[in-house]
Amino acid sequence: QVQLVESGGGLVQPGGSLNLSCAASRSIFGVYQMGWYRQAPGKERDFVALIRWSGDTTTYADSVKGRFTISRDNAKKTVYLQMNSLNPEDTAVYYCNVWLGNRGAAGSYWGQGTQVTVSS
């Protein structure tokens, strides 16, 4: 069973920082990529960032480029999202996602989400 456990969300003032973590269950194998998405109230879930499990490929949404950094720890099967210069528009539930198998052929799985609120 694939389990993704997110942590690190919370309330932060504009201009502040948060670091999200997503740990995948140790039993999984064949990770192709992991990523982060977010969903604000009343809006669709949007892509934020992804990282391939081999090599250095990362991709970011335009709205977070230069402010967010995605990284990984292969041994811990954990992906991180360092978020800097946060603004109220970043307020959302942040979801972790993993693709298993070559280009996700073995499935795509989601975490339960962690709330990020940016407010003064």
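**The pocket, the sheet and the core**

Mentor: The largest pocket is lined by Arg-38, Gln-39, Ala-40, Lys-43, Glu-44, Asp-46, Pro-88, Glu-89, Thr-91 and Ala-92. Please keep in mind that this is a predicted model.

Trainee: How many residues of the lining of the largest pocket are charged?

Mentor: The lining includes Arg-38, Lys-43 and Glu-44. Its residues divide into 3 nonpolar and 2 polar ones, and the charged ones number 5.

Trainee: What volume does the largest pocket have?

Mentor: Arg-38 and Ala-92 are among the residues that line this pocket. The computed volume of the pocket is about 150 Å³.

Trainee: Which strands are the edge strands of the open sheet of 4 strands?

Mentor: The order in this sheet is E1-E3-E8-E7, and the pairing is antiparallel. An edge strand pairs on one side only, and this holds for strand E1 (4–7) and strand E7 (68–73).

Trainee: Which residue in E8 is the bridge partner of Ala-23?

Mentor: Strand E3 (residues 18–24) and strand E8 (residues 78–83) run antiparallel and are joined by 6 bridges. Within E8, the partner of Ala-23 is Thr-78.

Trainee: Which element gives the most to the largest nonpolar core?

Mentor: This core has 30 residues, of which Met-34, Trp-36, Leu-81, Met-83 and Tyr-94 touch the most other members. Among the elements that give two or more residues to the core are E3, E8, strand E4 (31–39) and strand E9 (92–100). With 5 residues, the element that gives the most is E9.

Notes: Residues are numbered from 1 along each chain as its sequence is written. This is a predicted model: local features need pLDDT of at least 70, side-chain atom pairs count only at pLDDT 80 or more; totals for chains, interfaces and linings use all residues. Side-chain values use heavy atoms; hydrogens and water are left out. Two strands pair if DSSP finds at least two bridges between them. On a 1 Å grid over the protein atoms alone, a cavity is a set of points where a 1.4 Å probe fits but cannot get out, and a pocket is an open set with protein on both sides within 12 Å along at least five of seven lines; lining residues have an atom within 4 Å of a point. Grid points are joined across faces, edges and corners, and a volume is the space filled by probe spheres set on the points. Ala, Val, Leu, Ile, Met, Phe, Trp, Tyr, Cys and Pro count as nonpolar, Asp, Glu, Lys and Arg as charged, and the others, Gly among them, as polar. A nonpolar core is a set of buried Ala, Val, Leu, Ile, Met, Phe, Trp, Tyr and Cys residues joined through side-chain atoms within 4.5 Å. Buried means under 20% relative accessible area, exposed over 50%, partly exposed in between (1.4 Å probe, protein chains only).
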